[in-house]
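Q: I have a chain open here and would like to go through a few spots in it. Can we start with a single residue and work outwards?

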Amino acid sequence: MGLPSVIVLPLLIVVAAGVYYIYNEILHFMSKSLVRNKVVVITDAVSGVGTECARLFHKGGARLILCGTGWDKLESLYDSLTTDADPRETFAPKLVILDFSDMDSMEDVIAEVVDCYGCVDVLICNSSMKLKAPVQSISLEQDRNIMDVNYFGPSTLAKGVLPMMISRRSGHIVLVNSIQGRLAVPFRSSYAASKHAAQAFFDCLRAEVEEYGIIVSTISHTFINASEPPPVDEPVPKPNPVAEFIARQLTHGVRPSVLANEIMQTVNRKRKEVLLVHPIPRVALHLRSLFPPFLFAVLAAGVKDSVLAEQMQ
């Protein structure tokens with residue numbers, strides 16, 4: 001006698017959920033063994049994503065080199081990682097001061113990073129500087145600062161560790177970039193330009209170093225959503241519905257823990273390119289290639305609506 005249809009569907013859902021859970025547990029177990037003893041450098045380790053990455057790789061037994069702009073936050077992260085940690089399973093992280101806005105210090109920083117363990121197995125370029133403003137209001141100094149942090153810094157650091165990776169014929173460089181490195185939206189001209197530059201650099205690097213057994217990965221994600229958005233008390237004029245929907249999807253956030261887990265899986269599976277976005281940005285990328293006039297019109301309509309809303313306030 002067959003099972004009633006009302007029972008079959010819930011049963012299938014439970015079985016599928018169980019299989020998915022077991023699959024994730026296996027991946028989690030494998031991720032620990034794959035990064036064990038690897039020397040992993042994480043820039044901006046004190047950020048939300050950097051901290052989550054540090055926790056994952058530390059639990060996996062990696063030899064961490066954590067970089068940040070100040071000692072206080074780095075030491076606080078160090079304490080949180082080493083407290084109650086099993087010294088037989090984990091390594092105490094090394095701490096390095098790294099500020100991409102100070103490019104003159106990069107040579108010394110690279111030497112310090114290399115001196116920690118004598119090599120680098122995985123470099124995770126996680127640093128990022130954001131800027132949202134109309135083009136005409138952005139100064140040349142702001143342009144240079146954002147290019148230093150988002151492009152010149154990561155590319156210089158990658159060049160610094162590259163010789164030892166080439167000599168060892170192994171290594172993995174991960175650029176945690178942004179969807180705006182592939183799709184530019186209004187009021188983020190300098191940010192998008194820096195992310196496009198970084199994307200292009202690491203795409204070129206990937207092809208150049210493949211013969212040496214070095215993996216280069218880029219992860220393009222949406223806005224980092226570390227907390228829930230605050231409630232809106234005052235009503236605002238309703239913008240163009242299509243432009244509003246696309247803008248909301250383009251900035252719909254990804255949790256730091258989710259992105260950190262994706263970075264770990266990228267390292268373990270040696271993925272070369274990851275797109276961690278929702279369907280609408282994916283569609284927008286295709287529109288940019290196949291029907292650019294339509295995408296340009298939608299983005300321009302969104303700008304007009306935002307300007308009108310500001311005038312009415």
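Q: Leaving aside its neighbours within four places in sequence, what is Thr-51 in contact with?
A: This is a predicted model. In it, Thr-51 is in contact with Ala-45, Val-46 and Leu-77, once neighbours within four places in sequence are left aside.

Q: Which helix is Thr-51 found in?
A: Helix H2, which covers residues 48–59.

Q: Is Thr-51 buried or exposed?
A: Thr-51 is buried, because its relative accessible area is 15% and the cut-off for buried is under 20%.

Q: And the whole chain, how much of that counts as buried?
A: Of its 313 residues, 41% count as buried.

Q: What does the secondary structure come to?
A: Ten helices and seven strands.

Q: Of the contacts with a separation of 6 or more, what share comes from residues 24 or more positions apart?
A: Those residues account for 75% of such contacts in the protein chain.

Q: Switching to H4. Which residues are buried there?
A: H4 runs over residues 106–117, and Met-106, Val-109, Ile-110, Val-113 and Val-114 are buried in it. They cover an arc of only 130° around the axis, so they sit on the same side of H4.

Q: What is exposed on the other side of H4?
A: Glu-107, Asp-108 and Asp-115 are exposed there.

Q: What covers the buried residues of H4?
A: The cover includes strands S1 (39–42), S2 (63–68) and S3 (94–97), along with helix H5.

Q: Is the crossing left-handed or right-handed?
A: H5 passes H6 in a right-handed crossing.

Q: Which residues make the contact?
A: From H5, the residues are Asp-143, Ile-146, Met-147, Asn-150, Tyr-151, Pro-154, Ser-155, Ala-158, Lys-159 and Leu-162. H6 brings in Ser-190, Tyr-191, Ala-193, Ser-194, Lys-195, Ala-197, Ala-198, Phe-201, Phe-202, Leu-205 and Val-209.

Q: By class, what does the contact of H5 with H6 have?
A: There are 14 nonpolar, four polar and three charged residues in it.

Conventions. Residues numbered from 1 in each chain as written. Predicted model: local features only at pLDDT ≥ 70, side-chain atom pairs only at ≥ 80, totals over all residues. Heavy atoms only, no water. Left-handed = near helix turned anticlockwise from the far one by under 90°. Helix = DSSP H or I, 4+ residues; strand = E, 2+ residues; numbered from the N terminus. Contact = heavy atoms within 4.5 Å. Nonpolar A, V, L, I, M, F, W, Y, C, P; charged D, E, K, R; others polar. Buried < 20%, exposed > 50% of the residue type's maximum accessible area, 1.4 Å probe, protein only. Arc of directions from axis to C-beta.
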